[in-house]
Amino acid sequence: MNFGTENVKGGTPVSGPISSDRTWDLTGHPYWVVGDVTIEDGVTLTIDPGVEVKFDGYYSIYVDGTLMAIGTETNRITITTNLSLPFPFYWHKIQINLNGQAHIEYCNITYCLTGIYLGSSNNTIANNSISSTDEYGLYVISARDNIIAYNNISNNRRVGIYFGSASNNTIIGNTISSNDWHGILLESSWDNTIANNSIFSNYANGIVFSGSSDNTIMNNSIFDNPHSIDFESSSNNVIANNSILKNKEGIHLETSSNNTIMNNNIANDGRGIYLHHSSNNTITTNSITNNGQGILFFQSNPNNMIMNNSILGNARFGFDSDEYVTAQFNYWGTTDLTKIERMVYNVDYSNPLSKDLTGMDLQFIGDAVWSGTIYIDNGTIINGDIKVTEATIVFNHSKGQNFIQVNGKMIVENSTLKSNYGLYTVLYTNTSMGYIKDSAVIEQRAISLEADGLNVSGNELSQGRYGVVCVNGASKNYIANNKFLDNNYGIVFYLSTNNTAAYNIITSNWYGVFGGWSSYNLITKNNILSRDIGIHFDSSSNNIISNNTICSSGRDGIIFTLASNNTISNNIIYQNNGSGITFWSPSSYNLITNNSISSNNEYGLYFYKSDRNNITYNDVSSNSLGGVYFQDSFNNSIFHNNFIDNTFQAYDLTNNGNQWDNGYPSGGNYWSDFDEPSENAYDDFIGSDQMVEGTDGIVDLGPPVGGKNPYIIDSDSQDEYPLIDPIVNRILLYEGWNLISIPFIQPDTNLGTVLSSIRDSYNAVQWFDITDTSDPWKHNHTQKPQYMNDLYELNHTRGFWINIIEPGGVLFKYSGTRPTLNQSISLHPGWNLVGYPSLKSYNRTKGLNNISFWDDVDFIQWYDAATKTWHTMNKNDYFVPGRGYWFHVKTECVWEVPL
């Protein structure tokens with residue numbers, strides 16, 4: 001990096017590589033970019049609030065290290081051209097390369113070719129204004145797990161936000177407007193969430209999907225675009241709870257299948273929904289009103305389904321199709337067949353669509369208070385709030401129109417719901433809060449939640465086909481402290497996200513919990529005993545199953561089919577008649593950690609055609625057929641587990657396809673049949689070849705020769721570095737700087753005592769004390785006299801940096817007392833360096849416990865020493881024991897770290 005010593009244009013010229021940490025602050029600004037700038041790997045460039053960065057030509061900032069450009073709401077960073085009469089593409093872009101990291105916030109970025117080119121994962125782009133670019137505001141390519149939040153992206157000559165081969169990104173709360181082409185364009189991208197954005201006045205389309213699948217588009221406001229949402233050759237997407245108004249066309253599907261369009265409000269100048277050469281799509285519970293044309297199908301496969309929509313007041317027709325279509329229980333505003341026929345154009349009345357032309361026999365009720373015995377003789381829509389107290393509700397229709405749809409706040413307490421005929425459903429279709437508690441729901445289908453924010457607690461749900469169903473985009477519902485008895489399914493998640501099932505007793509159901517095409521749900525602290533399967537997720541991702549007890553199932557405790565990126569942690573899974581956890585083809589990228597899996601009648605863990613899963617820190621014991629079994633499953637990582645007294649510890653039928661250890665010095669697994677001299681297992685040598693005298697927790701050949709001594713699974717699979725003792729109280733530290741904390745309470749907080757197990761493996765420790773404003777950084781360097789150090793003690797509340805000098809790293813074995821109560825950490829406004837004194841991993845919300853993200857803490861970061869990368873904690877990320885964290889705190893508070 002070249003810093004000019006002379007004052008040029010009142011600031012500092014910059015160009016070339018940045019090879020050591022730098023800060024661009026107000027004393028040197030504006031910074032004139034006179035050539036390409038490259039932030040090298042391992043280096044951080046910080047740009048302070050209020051700084052101006054101005055480009056003197058077609059140059060870029062390339063990020064291989066870390067860029068921290070964080071302004072404030074009232075003191076933003078400006079990144080633009082130096083021209084007094086600016087024009088787009090005068091400068092090039094900010095490019096975050098594959099190994100780079102960036103946190104860019106409260107920046108104004110203008111007059112370039114592309115504002116931000118994002119080629120890496122786990123970045124935060126928030127609260128920026130990106131405008132007047134010649135191509136893209138934000139270009140995301142082959143990247144995942146990025147947060148793009150609350151930006152204003154407008155007046156760009158092509159696309160506001162572009163995604164190419166990008167997955168698992170979150171685009172939330174942005175304003176995307178007046179771009180010359182599309183607001184958002186996704187090509188060959190999957191598992192992204194686009195939520196709560198305002199997308200308007202773009203020249204072509206609001207959102208376009210091309211060859212993209214399994215994305216979720218929900219709660220957006222999309223208006224005044226020629227086309228609202230356009231799908232081309234895209235499948236398995238969910239479009240839910242959006243407001244789609246005043247566009248020329250609402251939703252268009254071209255050669256696209258298996259998409260779900262539900263709970264949207266669609267009112268446009270032209271068509272509401274248009275399908276062309278598209279099949280097997282579901283259109284349900286939408287309000288399709290006051291369009292030029294409501295729904296149009298042209299040359300689209302007959303397997304599309306139209307159900308439970310409100311189709312009213314469309315100028316030309318409500319529905320038009322040139323092929324057979326399944327349509328049921330839609331509301332046309334009337335039951336007069338002649339009037340309905342005028343709304344339905346060019347339909348063959350001999351096909352089953354005509355069955356819908358009778359309309360539903362509906363009754364409409366405003367605000368209501370019910371008690372005593374209430375008979376529901378037809379479909380009932382509550383246009384207001386309802387309170388049901390000490391009542392018996394009897395569903396009494398023989399043809400399937402037994403439902404209550406509530407378009408307001410629903411409260412049901414101390415009541416009984418039952419059915420005389422068929423299935424019945426309680427629908428909740430408004431985002432208002434409500435609850436169902438202390439009631440009995442029996443016989444047939446019980447409670448169906450089709451919207452957000454409902455609390456179902458303290459109920460007994462029994463003898464039905466379902467207990468509680470979260471379906472068709474249901475989100476943020478809380479199902480807790482209920483009893484589910486003798487149902488076919490206790491709890492079902494179908495096409496649903498961000499729901500919680502907690503503290504329930506789920507017994508004698510055939511399936512305890514079932515999830516299909518659902519993501520980001522939390523199943524925690526339930527007791528599950530099932531006749532068939534405890535928990536089954538199919539075609540679902542990013543769910544968390546944690547802290548449950550799952551036992552005595554008729555088959556397996558947990559089954560995943562076509563399910564990826566899920567987390568299974570801290571569960572107790574035992575005495576199931578099948579295996580503890582089973583993964584069927586293909587289920588990949590799942591994390592299985594910190595579970596106790598024991599005494600199952602088949603295997604502890606069973607994998608079939610399932611790749612790239614991570615199995616760590618589990619206790620797998622006393623399973624009848626084996627601890628873990630792999631068939632046609634490759635590239636799985638299995639290390640730091642305890643395999644104890646299984647009939648056969650492990651099977652690996654993949655021809656050396658899995659990794660059974662984490663290298664040296666981290667090690668592999670503990671095997672109870674390979675930990676004693678009588679089993680030819682010793683720990684007398686250290687080093688990757690186990691040839692240097694000393695103990696390191698890794699099994700070796702012992703005296704007199706030493707040497708590596710792998711645990712043999714079969715002829716082509718082995719654990720190269722088996723552990724001599726079960727996993728407990730250890731943190732793997734990598735060569736270089738590590739940001740860590742100690743979960744256990746230290747009886748002696750002297751720094752040398754705390755770090756005694758790695759006494760000769762580090763040379764420096766440092767900690768940041770925010771309360772010491774004059775000298776916040778405290779250091780202890782082993783090469784300095786003690787009087788020159790000012791850090792002498794470490795405790796469990798502190799996060800601290802430690803520099804490891806041991807080649808290849810070292811295993812830090814810590815001691816102390818396990819905490820038995822939540823531990824308190826005082827937090828102060830500004831950046832705090834804190835520990836995480838907990839025994840369990842919790843997601844961000846659960847881990848913060850008594851304090852609030854955004855209100856008390858607005859940024860949390862941690863450092864991955866293995867990859868030398870920074871990570872910003874997102875809402876679905878987990879706090880992990882042993883890590884240290886940087887908290888950016890907004891207000892004085894005390895964090896009660898959950899045990």
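Student: Let's start with Asn128: is that residue buried or exposed?

Tutor: Asn128 has a relative accessibility of 1%, so this residue counts as buried. Please keep in mind throughout that this is a predicted model.

Student: Where does Asn128 sit in the chain?

Tutor: You will find Asn128 in the loop that runs between strand E13 (124-126) and strand E14 (129-131).

Student: And which residues does Asn128 touch?

Tutor: Leaving aside residues up to four places away in sequence, Asn128 touches Arg76, Ile104, Glu105, Tyr106, Cys107, Tyr150, Asn151 and Asn152. As for Glu40, which is 88 residues apart from Asn128 along the chain, the two C-alpha atoms are separated by 24 Å.

Student: Changing topic, how many aromatic pairs are there?

Tutor: The structure holds 49 aromatic pairs. One of them joins Trp24 and Tyr31, whose ring centres are 5.0 Å apart and whose planes lie at 10°, so this pair is stacked. Both Trp24 and Tyr31 are buried.

Student: What about Phe643 and Trp671, how are their rings arranged?

Tutor: The rings of Phe643 and Trp671 are stacked, because their planes lie at 15°, which is under the 30 degrees needed, and their centres are 4.6 Å apart. Since Phe643 belongs to strand E76 (residues 642-644) and Trp671 to strand E78 (residues 670-671), the pair ties together parts that are 28 residues apart in sequence.

Student: Are those two buried or exposed?

Tutor: Phe643 counts as buried because its relative accessibility is 0%, and Trp671 counts as buried at 0% as well. Phe643 and Trp671 also belong to a cluster linked by ring pairs, together with Phe537, Phe560, Phe583, Phe607, Phe630, Trp660, Phe674 and Tyr711.

Student: Which charged end sits over the ring of Tyr274?

Tutor: That is the charged end of Arg271, 4.2 Å from the centre of the Tyr274 ring. Elsewhere, Lys437 lies over the face of Tyr435, at 5.1 Å from the ring centre.

Student: Last topic: how much space lies in the second largest pocket?

Tutor: The second largest pocket holds about 1200 Å³ of space. It is lined by 42 residues, and those closest to its centre are Thr44, Thr46, Met68, Gln861 and Trp870.

Student: Which element gives the most to that lining?

Tutor: Strand E92 gives the most to the lining of the second largest pocket, with 4 residues. Other elements that give two or more residues include strand E4 (44-47), strand E7 (66-70) and strand E93 (869-872).

Student: And how do the lining residues divide by type?

Tutor: The lining of the second largest pocket has 17 nonpolar, 15 polar and 10 charged residues.

Methods. Residues numbered from 1 in each chain as written. Predicted model: local features only at pLDDT ≥ 70, side-chain atom pairs only at ≥ 80, totals over all residues. Heavy atoms only, no water. 1 Å grid on protein atoms, 1.4 Å probe; cavity = no way out; pocket = protein on both sides within 12 Å on 5 of 7 lines; lining within 4 Å. Points joined across faces, edges and corners; volume = space filled by probe spheres on them. Nonpolar A, V, L, I, M, F, W, Y, C, P; charged D, E, K, R; others polar. Phe/Tyr/Trp six-rings, centres within 6.5 Å; stacked < 30°, edge-to-face > 60°. Buried < 20%, exposed > 50% of the residue type's maximum accessible area, 1.4 Å probe, protein only. Lys NZ or Arg CZ within 6 Å of the ring centre and 35° of its normal. Contact = heavy atoms within 4.5 Å.
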